[in-house]
2 protein chains.
Amino acid sequence: MIRMLADPLRLRIIELLADGPACVCHLVEDTGAKQPNISNHLRALRGAGLVVAEPHGRFTYYRLLPDAVETVAGQLAELAQRARTNADARRECP
Amino acid sequence: MIRMLADPLRLRIIELLADGPACVCHLVEDTGAKQPNISNHLRALRGAGLVVAEPHGRFTYYRLLPDAVETVAGQLAELAQRARTNADARRECP
DNA sequence: TGCTCTTATCAGTCCGTGCTGATATCAGCG
DNA sequence: CGCTGATATCAGCACGGACTGATAAGAGCA
């Protein structure tokens, strides 16, 4: 799930979709990447539940799902919180 | 930066460090990975500013930096927020 | 100082995965 | 229908990066 955000192009797609739903042709134009490449990444993101496809006639609009992103953000925030509370709990070596 | 959290072993290390600073031998034992592998990942995490090394005699304790993790969490949360506010701003295709 | 233990570094291999080119599918429109 | 344009799928290639084995560096202890 977090792995999906690791690839630069995929992160770029997500940032673009954060400005509102967009169709594949927009993403292709804005990123400069080839269309099959974008399509592949969108399939991966769809499979991870980060985006949904909304077909409108010939075009397919993709929408970023805020809940999924927020879930990841929450998990990381919780990790940070745990690290803060356990800052002094050093496990001693034998 | 986010890329550092993509690798499963590195994420595991970070989770372990969230329970408090630990030395390399602990991480080796808990993850079951070989020591050079752990050391390499720790160097990467150190380079990304996610952890710091605290040498204590022969041992080296590693500490997770909560601020770094929280920064990433904040960026993701902001992305989710933007997606929410721009949910209806669909860019029409020509 | 010599020995042991912990950690760091390096060279090499191997595998996952992102990119590309070709092609298929599908919707609208003449 | 046949054509055009948008998107999806697939096979092959290539490259980055994770893992391993050997080895070095450094600190404590006899």
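Which side-chain atoms, N or O, of which residue lie 3.3 Å from a sugar or linking oxygen of DNA strand C? Here are my notes, with that one picked up in point 5.

1. Before you start: this is a predicted model, where local features need pLDDT of at least 70 and side-chain atom pairs count only at pLDDT 80 or more, while totals for chains, interfaces and linings use all residues. Residues are numbered from 1 along each chain as its sequence is written, chains are lettered from A and ligands numbered from 1 in the order in which they are written, and side-chain values use heavy atoms, with hydrogens and water left out.

2. Let's look at how the two protein chains meet. Chain A puts 41 residues in contact with 41 residues of chain B (contact means heavy atoms within 4.5 Å). Together they bury about 4,000 Å², and carbon and sulfur atoms give 60% of that; buried area is the accessible area, with a 1.4 Å probe, that two parts lose on being put together, summed over both. On chain A, the residues losing the most area to chain B are R90(A), R91(A) and C93(A), together 16% of what that side buries.

3. Now the charges. The rule finds eight salt bridges across this interface, a salt bridge being a side-chain nitrogen of Lys or Arg within 4 Å of a carboxyl oxygen of Asp or Glu. For instance, R84(A) and E70(B) pair up this way, at 2.4 Å from N to O.

4. On to the DNA. There are 24 residues around DNA strand C, and H41(A), C25(B), Q35(B), S39(B) and Y62(B) come nearest; "around" needs a heavy atom within 4 Å of the strand. As for the opening question, the residue is R58(B), with an N or O atom of its side chain 3.3 Å from a sugar or linking oxygen. T60(B) also has a polar side-chain atom 3.5 Å from a sugar or linking oxygen of DNA strand C, and N37(A) has one 3.1 Å from a phosphate oxygen.

5. Finally, what supplies this surface? α3(B) gives the most, with six residues.

Methods: A polar contact is a pair of N or O atoms within 3.5 Å; within protein, one must be able to donate a hydrogen and the other to accept it, and residues adjacent in sequence count only if both atoms are side-chain atoms. Helices (H or I, at least four residues) and strands (E, at least two) are DSSP runs, numbered from the N terminus.
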